[in-house]
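Hello,

Here is the structure I promised to pass on. Please have it open while you read, and my notes follow below.

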Amino acid sequence: MAHEVRGVIARSKQAPVELVTIVVPDPGPGEALVQVQACGVCHTDLHYREGGINDEFPFLLGHEAAGIVEAVGPGVTEVEPGDFVVLNWRAVCGQCRACRRGKPWYCFNTHNAVQPMTLEDGTPLSPALGIGAFAEKTLVAAGQCTKVDPSARPAAVGLLGCGVMAGIGAAINTGGVGRGDSVAVIGCGGVGDGAVAGAALAGAHTIIAVDTDPRKLELARKFGATHVVNARETDPVAAIQELTGGNGADVVVEAVGRPETWKQAFYARDLAGTLVLVGVPTPEMTIEMPLIDLFSRGGALKSSWYGDCLPSRDFPMLVELYKQGRLDLDAFVTEEIPLDGIEAAFEKMHGGDVLRSVVVF
């Protein structure tokens, strides 16, 4: 049996998105059919629409989502119909060299649904990050479903599916922020504010938010920033050093993904401090700097994929912290929009007018 539902696709590079009828098959072995309840509008979806990921058009956009499992295929044991789940794009295989070494958050063989979702004429769709959740229903690998507390607000906890988890994980999992540390976060969008919130959860005593938009800096304070720096008005490296006793921060999270902000993060960290790159650069970007600086400053230069998260471990824990009032996921949701409001949400994203627009079904 196939399900005809509404979904939002990007048919070609730079073209506006379209609301169309898509065909979603019943789940096969290892797959799950999910009725989507909410899906965040993430910058990665815009990258897909603009051809910045690959050219496998048409794309079924959306990946930062929560919903209810409607049906599962043969062999599925992780979830069952009726479960409330947050979707993830890291369905670990359990068998690759990273998983065998006990580091499944680096899984090199994550998997997606095998059957394609299609347009009405049979044209296969490429689901964003293997999810495709700007649709009333989506087909995913069962391992992409993480069961969480069903009383949680879908629009809020669905954001753990990408941006918020990437930020929290960049601070805690990749950066190893601990009690008493000083942390600087460069770039205060959804990912950067997630890193601010993660640093606060981990007990950092100084959390410095850096951005060029005063609106974003004020929001960062809500998530736990103790100091803010407007990089349009002040040299952020000097400001971070001044706020950390002249030393630089123990951990600097770069959530922009540009060479100039990466260099700022490099020089804003303490000797032997840690730099975490979680902002996503484009392929043509390069870094050139004196090799002696890399040697003499020591420490660690890391990139963070999805906040080095393990969904089965991290999602339920963070949802519980949200339920306890210790992690304000609601504050990430700027607005709730209908399925036909995504193109307008992209425009608001460009203007810095929203932290997250969330499609609610």
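A word on terms before the details: a residue is called buried if its relative accessible area is under 20%, exposed if that value is over 50%, and partly exposed in between. Please keep in mind that this is a predicted model.

By that cut-off Tyr 306 is buried, with a relative accessible area of 3%.

**Aromatic pairs**

A pair of aromatic rings is described by the distance of the centres and the angle of the planes. The count of aromatic pairs here is seven. In one of them, Phe 57 and Phe 59, the ring centres are 4.6 Å apart and the planes meet at 65°, so this pair is edge-to-face. Phe 57 is partly exposed at 22% relative accessible area, whereas Phe 59 is buried at 1%. Another pair brings us back to Tyr 306: its ring is stacked with that of Trp 89, at 4.2 Å centre to centre and 10° between the planes. These two residues are 217 residues apart and link distant parts of the chain. Trp 89 sits in the loop between strand E6 (84-87) and helix H2 (97-100), and Tyr 306 in the loop between strand E16 (300-303) and helix H10 (311-323). Trp 89 is partly exposed, with a relative accessible area of 22%.

Phe 57 and Phe 59 also belong to one aromatic cluster together with Tyr 48. Elsewhere, Arg 269 lies over the face of Phe 266, at 4.6 Å from the ring centre.

**Around Phe 57 and Phe 59**

Most residues other than glycine have a negative phi, and most peptide bonds are trans. The bond from Phe 57 to Pro 58 is cis, with omega near -5°. Pro 58 is in the loop between helix H1 (43-49) and strand E4. Strand E4 (residues 59-60) runs antiparallel to strand E1 (residues 2-10), and two bridges join them. Across from Phe 59 in E4 stands Ala 10.

Both strands are part of an open sheet of five strands with mixed pairing, in the order E7-E2-E1-E4-E8. Strand E7 (118-119) and strand E8 (126-127) stand at the edges with a single partner strand each, so one side of each has no neighbour in the sheet.

In the loop between E1 and strand E2 (18-25) you will find Gln 14, whose phi is positive, near 70°, although Gln 14 is not a glycine. Ala 272, in strand E15 (residues 269-277), also has a positive phi, of about 65°. Ala 272 is exposed, with a relative accessible area of 56%.

**Helix H7**

Which residues of helix H7 (residues 236-243) are buried? They are Pro 236, Val 237, Ala 239 and Ile 240. Seen down the helix axis, the buried residues of H7 fall within an arc of 165°, so they line one face of the helix. An α-helix has 3.6 residues a turn, so residues three or four places apart point the same way. Among the elements that cover the buried residues of H7 are strand E13 (227-230), strand E14 (249-254) and helix H8 (259-268).

At the N-terminal end, H7 is capped by Asp 235, with a side-chain oxygen 3.2 Å from the backbone nitrogen of Val 237. After H7 comes Gly 245, with a positive phi near 70°.

Asn 230, in strand E13, is buried with a relative accessible area of 12%. The Asn 230 side chain reaches the backbone nitrogen of Arg 232 at 2.9 Å. Leaving aside neighbours within four places in sequence, Asn 230 is in contact with Asp 211, Thr 212, Pro 214 and Leu 217.

Leu 160 lies in the loop between helix H3 (154-157) and helix H4 (163-174), and is buried with a relative accessible area of 0%. Beyond residues up to four places away in sequence, Leu 160 touches several residues, including Val 86, Phe 315, Leu 329 and the Tyr 306 we met above. Leu 160 and Asn 88 are 72 residues apart in sequence, with their C-alpha atoms 8.2 Å apart.

In strand E9 (residues 137-141), five of the five residues are buried, so E9 is largely enclosed by the rest of the structure. Strand E3 (residues 31-40) pairs with E9 in the antiparallel sense over five bridges, and Leu 33 has Leu 139 in E9 as its bridge partner.

Best wishes

Definitions and conventions:
Residues numbered from 1 in each chain as written. Predicted model: local features only at pLDDT ≥ 70, side-chain atom pairs only at ≥ 80, totals over all residues. Heavy atoms only, no water. Phe/Tyr/Trp six-rings, centres within 6.5 Å; stacked < 30°, edge-to-face > 60°. Buried < 20%, exposed > 50% of the residue type's maximum accessible area, 1.4 Å probe, protein only. Helix = DSSP H or I, 4+ residues; strand = E, 2+ residues; numbered from the N terminus. Lys NZ or Arg CZ within 6 Å of the ring centre and 35° of its normal. Arc of directions from axis to C-beta. Contact = heavy atoms within 4.5 Å. Polar contact = N/O pair within 3.5 Å; in protein donor to acceptor, adjacent residues only side chain to side chain. Pairing = 2+ DSSP bridges.
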